[in-house]
Amino acid sequence: MKKLTYFPGCSAHGTSEEFDSTLKLVLKTLDVVLEDIPDWNCCGATSAHVMTENLAYALPMRNLVLAEKLENTTMGIACASCYQRMKVTKVHMDENPELAKRINSTVVEDGTYHGSVEIKSMLQYAYEDIGLETIKSKVTKPLTGLKVACYYGCLLTRPKNITHFDSPEYPVSMDQICEALGATATDFDFKTECCGASFSISNTEVVESLSGKILEMAKESGAHAIVVACPLCQSNLDMRQPDIEKLQGVKYGIPVFYFTQLMALAFGYPIDQLKFPKHIIPVEGALANIGKVDPSAEKTKKTTKAVKAESEVQ
Amino acid sequence: MARVGVFVCFCGANIADYLDVPQVVEEVKRIKEVKYAVEYKYMCSDPGQGMIRDAIITHKLTSVVVAACSPRMHEKTFRKALSEAGMNPYLLEVANIREHSSWVHQKDKKAATEKAMDLCRMAVAKSIANEQLHEISVPVTKRALVIGGGIAGIQAALDIADARIPVVLVEKSPSIGGKMAQLDETFPTLDCSQCILTPKMVDVASHPYIELIPYAEVLELEGYVGNYKVKIRKKASYVNFKTCTGCGACWQKCPVKVANEYNMGLDKRRAIYTPFPQAVPNKPVIDAEHCTMLTKGKCGICAKVCEKGSIDYTMQDEIIEREIGAVVVATGYDMWDPKPYEEYGVGRYKDIITSLEFERMVSANGPTNGVPVRPSDGKVPKNVVFIKCIGSRDEAKGIEYCSKICCMYTTKHTILLHHKVHDSHAYVFYMDIRAAGKGYEEFVKKAQVDTGATYLRGRVSKIYKKGDKLMVRGEDAQIGQVVEVEADLVVLATAVIAPKDNPDLARLLGISYDKYGYLSEAHPKLRPVETAKAGIFLAGCTQAPKDIPDTVSQASACAAKVCGLFAGDTMKKDPMISTISNEFCSGCQNCVKVCPYGAIVTDEVPMGHGSKELRTVAKINEGVCQGCGSCVAVCRSMAINLAGFTDPQIINEIVSI
Amino acid sequence: MITLGTQGKNTFLEAVNEKSGANVLECYQCGKCVGTCPVSQYMDFPPREIMQMIKLGLKNESYMANSHWFCLTCSACSGRCPREIDIPAVMEAVRHLAIEENYLNTSTKVKEIRKFHEIFLSMIKRYGRNYELRMMAEFNIRTRNLFKDMHLAPKALLKGKIPLGVKPLKSAKAIRRMYAIAEKLEKKK
């Protein structure tokens, strides 16, 4: 049994509740127990570092200091933006002890910063600490037939000197996880092109343009669905999709899954636990591809028994 | 009684501004043995040298001290002045009061002057113990080794051979020609590369003074300038070159297909092959890694069809030795692998090729009949995007330097594309256009005007696939707009890099290389073709990226150096070498172990005067010794002295301060 | 037209270099960042031009450009820059200096962006965590666009995508204390 310190982030009980709850299902199967940081605060997301310098470090610092009170040496963060802010804070504090002392003074009542907790995104944790072999071994309902475009966004693999994880241009960790679940990851060029991120509310036109391009390229790659590991990406690509369709005059109908939802699905969890009704773009169309034999892939030597098992997903 | 003359130089302002030269002269005059001391603005000038010559004669000097710049600058000059005045040139001592005092202690005139005075005292004291030395003559083997059979090696070999000096030309691949044999047309003349190269290749093969050893590598080099011994491994070709007629029956029947290196992997060759039709020598070799007979013992078709019975599967590598006097290293360059440019989809998209692959496509003897095609579907491209600086000038993903030739050959490629595909359109993404050679700027202008190619100033940011086209996205900084070109084919001008074997070769030869693997020249401005090791010269891209005109110039320069080395029957050698006094030598052989040049061996001498019993002592080979002094340092019996730096000389220096 | 040679030492360049930890002088204007930046077409001056403006000492123009307000800190540019310049850090340095010296771009869009950030930070100050619903409502009110995204509201609320309330921090005081000390540190410089 593994234990992992967990920073939920503000959206975990709101706009990205599906991510949080399916993450917990999946970790149960993988025998990992999450320990929430007690009384965690918002990391400051984009707004803090845009407008301020010290506050932008102080908000994550409080969480880092509180995390050190738990005994685990690794912290997993689901939201890509929270992960980026916490990791950047840790890297800058570790590189500059003077700065660390100054920032620590804002939260000194909560504790002293030692930099003893390692920070990973949940995607990184799943890929590095759990591993593809283990994930594959827990699959009971493979997602064969489902073609997915894995969209990473900006903050999981960039910048290289902060994340030290996968490739900043053409990452493959999520693709490989999806393939371990039985799905096919398409050759998708826009894996790390920005979706518009925090401009969702204040600069919606930008999001519509950027996310629109991502949807276009996902469709071009032949994907049935997009898979993400970031709440803001999911929101921009899913919630704004109808508006984008109207703007571009194109019908996409591409659902946007969190990778943990697909993992839970493949691990055999019942569909009503996966929070699909929360999606704006309906998911049934894409999921219907699971178990369908792709005419172009007829040469694969699948037995009839295997095909029957897959169609049980419905 | 010693009579020392001291000449202190102002060196203009270099010395005079930072220490008190007249004061140094005054101080030096107080030394008992100094009979004449004077200062002058520029000792190295003609009048300055004249002063030294006159003073030697007038004041009957027995040794001379010049306090000036580093001996590396003018020791030779002043030694010559001594010779002209009839004094042994090795009775000169140079006190370096510039690099060792005025230039490094610019803020403390008093201390700098004191130091200069000390340096002069030491030089005076040393010079009193200087001995008259005479240059040594060593024999010289008048044969040159050229490593590498590209245009650089070919040119050097021909120039040396034309001077009636025998040349051994060693080439790694089965044929000479190098990269130039892979080119279609060369800039700025648009000469057909093969047409101007193959006559030289044939000259090499038929030259009475050139021994061409193809499909071979240098294994070992021993010795010193004028007296090297080289071991060469002739790789087994499994074909008897003497009986083979080059008819081609063998490779036409060979069933094994391997990626063809000459065509950059764009098509296949056989396991028994000649690299290209104009190969010299035009005899095939068998690729032992892929031949089924050599790996599995099956097939043997080539032997069956060979009318001359030239195939010999039992052939072994052969090690041969040659005695040579000088080496020219001309190992050429490699092309950088653009894999790190993930944002361009390198490795994922078939229609992204490198410049050398494009060159092979447009070549008449290439894999696509001289027409560029899209590797994905074989169609002829209409929109071709050329991207420069792939890996060059890129500290993040590639190398920091500029590869020099890509601006010119990309311009050439736009012209070739225009000729081969009339309705094509070239787009060139660039940061700069470097066209600094003779006729180069005119070439670029003509290309731009004639082809109408679109030049976009900006590095490409991303390439992605849309349908069966490649979208190439970058900024055109001139109009401040982001542009996306719908391309059929993308050609990357990849960086020129040093051959990956260069560091190993450098170690083998005993020369240095830089952080990129380029072999190091002795001085980048004034000695560009020599290395720090006498007798070893560099030609072509193995030293740094350059175009064909510069390569040929460098090769001819090497040839001139080699001819100069071989001009006499013997070579003069610096007499500052070690000598061993047998009376003190205990035969411990520490010096033998420590000599980096292998210049010390053992010898047997009589135990005592007239004794029949023998004892072991060390013996120094005068010709090999380079005067490094390592043996002097380890000798426990103080039996070794280094001429020019003998114990008395050094002790005098120490005692004088 | 710009006249150069009259401004004296380029203290603006020095300030940006110090704050960002990058060296703007290394930029050789290759333009790779511009083609990479997802929002370069919305900027007055794309990243490459901002670099040149800093090198020329054009402080006011740099502050008043909307470029650093549009920067998403996606780090795609710095990942591709051949001289490995931390471009988002340079953008952030210019923006923070502009805020310090009170040179604020007042175009409508930039004002809206700034308002969003101010509201977000006030939510955290009050609750310690983001109160999404209240934040969106306040944004609509303060940008006088009451019905923005209203068409999404029914579906979003029905599906429970946006929670109606917020679970504030137990130690909300700790957050307020943090804000106060951070502000003091800001002024100290």
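This is a predicted model: local features need pLDDT of at least 70, side-chain atom pairs count only at pLDDT 80 or more; totals for chains, interfaces and linings use all residues.
Student: What percentage of the residues of chain A count as buried?

Tutor: A residue counts as buried if 20 or more other C-beta atoms lie within 10 Å of its own. When this is applied to the 314 residues of chain A, the share that counts as buried is 58%.

Student: Among contacts in chain A between residues at least 6 apart in sequence, what percentage join residues at least 24 apart?

Tutor: Contacts here are those whose C-beta atoms, placed from the backbone, lie within 7 Å. Among the contacts of chain A that link residues at least 6 apart in sequence, the part that joins residues at least 24 apart is 79%.

Student: Which strands stand at the edges of the open sheet of 4 strands in chain A?

Tutor: The open sheet of chain A has the order β6-β5-β7-β8, with parallel pairing. A strand at the edge has a single partner strand, so one side of it is left without a neighbour in the sheet, and in chain A this applies to β6 (184-185) and β8 (256-258).

Student: What is the bridge partner of A:I226 in β8(A)?

Tutor: Strand β7 of chain A, residues 225-228, runs parallel to β8(A) and is joined to it by 3 bridges. Within this pairing, A:I226 has as its bridge partner in β8(A) the residue A:V256.

Student: Which helices lie across β7 and β8 of chain A, and at what angles to β8(A)?

Tutor: Helix α12 of chain A, residues 231-238, lies across both strands and runs at about 160° to β8(A). Helix α14 of chain A, residues 259-266, also lies across β7 and β8, and its angle to β8(A) is about 75°. The two helices asked for are therefore α12 and α14 of chain A.

Student: How many residues does each chain bring to the contact between chain A and chain C, and what classes are found on the side of chain A?

Tutor: The contact takes 41 residues from chain A and 44 residues from chain C. On the side of chain A, α2 (45-51), α3 (54-67), α10 (199-202) and α11 (204-220) each supply at least two residues. By class, this side of chain A has 19 nonpolar, 12 polar and 10 charged residues.

Student: How many residues of chain B touch chain A, and how many of these are charged?

Tutor: Here 7 residues of chain B are in contact with 6 residues of chain A. The side of chain B that touches chain A has 1 nonpolar and 1 polar residue, while the number of charged residues is 5.

Student: Which residue of chain B takes a positive phi in the hairpin of β24(B) and β25(B)?

Tutor: Strands β24 (residues 460-466) and β25 (residues 469-476) of chain B run antiparallel and are joined by 6 bridges, with B:K465 opposite B:L470. Their hairpin has 2 residues between the strands, and the residue with a positive phi near 65° is B:G467.

Notes
Residues are numbered from 1 along each chain as its sequence is written. Chains are lettered from A and ligands numbered from 1 in the order in which they are written. Two strands pair if DSSP finds at least two bridges between them. Axes are lines fitted to C-alpha atoms, for helices over the stretch in contact, and angles run from 0 to 180 degrees between N-to-C directions. Ala, Val, Leu, Ile, Met, Phe, Trp, Tyr, Cys and Pro count as nonpolar, Asp, Glu, Lys and Arg as charged, and the others, Gly among them, as polar. A residue is buried if 20 or more other C-beta atoms lie within 10 Å of its own, exposed if 12 or fewer, and partly exposed in between; C-beta atoms are placed from the backbone.
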